[in-house]
Amino acid sequence: MSEEHGSRDATEVVVVTGASGGVGRATARAFAARGASVALLARGEQRLQGAARDVREAGGRALPLVVDVSDAEAVDAAAERVERELGPIDVWVNAAFSTVFAPVPEIKPEEFRRATEVTYFGFVYGTQAALRRMVPRDRGTIVQVGSALAYRGVPLQAVYCGAKHAIQGFTESLRCELLHDRSGVRVTMVQLPGLNTPQFSWVLSRLSRHPQPVPPVYQPEVAAQGILYAADHPQRREHWVGGSTVATLLGQRFAAGLLDRYLARTGYDSQQTDDAVDPSRPVNLWEPADGAAGRDYGAHGVFDQQAHERSAQLWLSRHRRPLAVGAALAGAAGTALAAGLRPRAQGGGLTVAGRRRR
């Protein structure tokens, strides 16, 4: 077995779809950094090779596979090859997507169909391929990479929001089925904020200005940290990454109508820069934006200067259990101290350590 394809002695075998760029690429590199064997699924062969180099440089084993996730048979064949060459799949991360930036009337039916096939059905087919192998073993974790937009639609992104809403509903149904079967397989979803990924340089756009993520913007490595944490803690049905995700999801829950009006007023400008769209830019809806202008886009987009490299909310979420224990201990200590200093009902004076002050 070749070194490129790894070996069966790895402690963890991970599949990442959409692994050639953005969140998928950052996630593959993060799993590799802890010694995992990583199967990389994407359409663009040149960028897949770049992702494979990232994985090997980070300390993992790489198996790059050219796959269009909208092809169910191809996804299942890829899963079979992963298990044959790397071993049983422990974690399957669905992250591949494609979309269109445009108002709804300007999106062609075939564009809606194609983006939905990649973004929604790609998750379905990946999940099914993972389940066929995990369920008989009664173990394994599926991580669905979602977005705050899985709950809250925004203007100009109806294609993406519709697919992410569908993934949310699909995942909830699957979770119930696994619980019914008392399966050891786990599924969880990670809801992400606006990220500095290359999609804004290759997405099909009919906007007059260059599209951008809704601020605040985070680096894809922040998302990767959340995805790894979700893979390690799949008992939580959802993981939220970024303070803006929390604010959006809570706002949708308690003030959806106000959000409608707010986004109607701000959503167009906030998703576009001041720069005109380059008419020669690549478009990856139908074909991979592979090697455009000789460039491997990597994980990052063009918004490095404004992207945050860490999230306080994610840190708090990952450490909420020890923080809760610490808060409980502090509360207990405070209660004990207050009890020790409480005035006696009779005899007057304060007690310190159970003794009356003289």
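Predicted model: local features only at pLDDT ≥ 70, side-chain atom pairs only at ≥ 80, totals over all residues.
Residues are numbered from 1 along each chain as its sequence is written. Local features need pLDDT of at least 70 and side-chain atom pairs pLDDT 80 or more, while totals for chains, interfaces and linings use all residues, and side-chain values use heavy atoms, without hydrogens and water.

**Stop one: a glutamine in a loop**

Select Q157, in the loop between β6 (141-145) and α5 (158-180); helices (H or I, at least four residues) and strands (E, at least two) are DSSP runs numbered from the N terminus. Q157 is buried, at 8% relative accessible area (buried means under 20%, with a 1.4 Å probe and protein chains only). Now show F101, L149 and Q271: Q157 touches them, leaving aside residues up to four places away in sequence (contact means heavy atoms within 4.5 Å).

**Stop two: a pocket**

Next, select R175, L178, L179, S183, V185, R186, V187, P234, Q235, R236 and R237, which line the second largest pocket. A pocket is an open set of points on a 1 Å grid over the protein atoms alone, where a 1.4 Å probe fits, with protein on both sides within 12 Å along at least five of seven lines; lining residues have an atom within 4 Å of a point. α5 gives the largest share of this lining, three residues.

Finally, colour β8, β11 and β14: they form an open sheet of three strands in the order β8-β11-β14, with parallel pairing (two strands pair if DSSP finds at least two bridges between them). β8 (194-195) and β14 (307-308) stand at the edges with a single partner strand each, so one side of each has no neighbour in the sheet. Zoom in on Y218, which stands opposite H308 in β14.

Key
Buried < 20%, exposed > 50% of the residue type's maximum accessible area, 1.4 Å probe, protein only.
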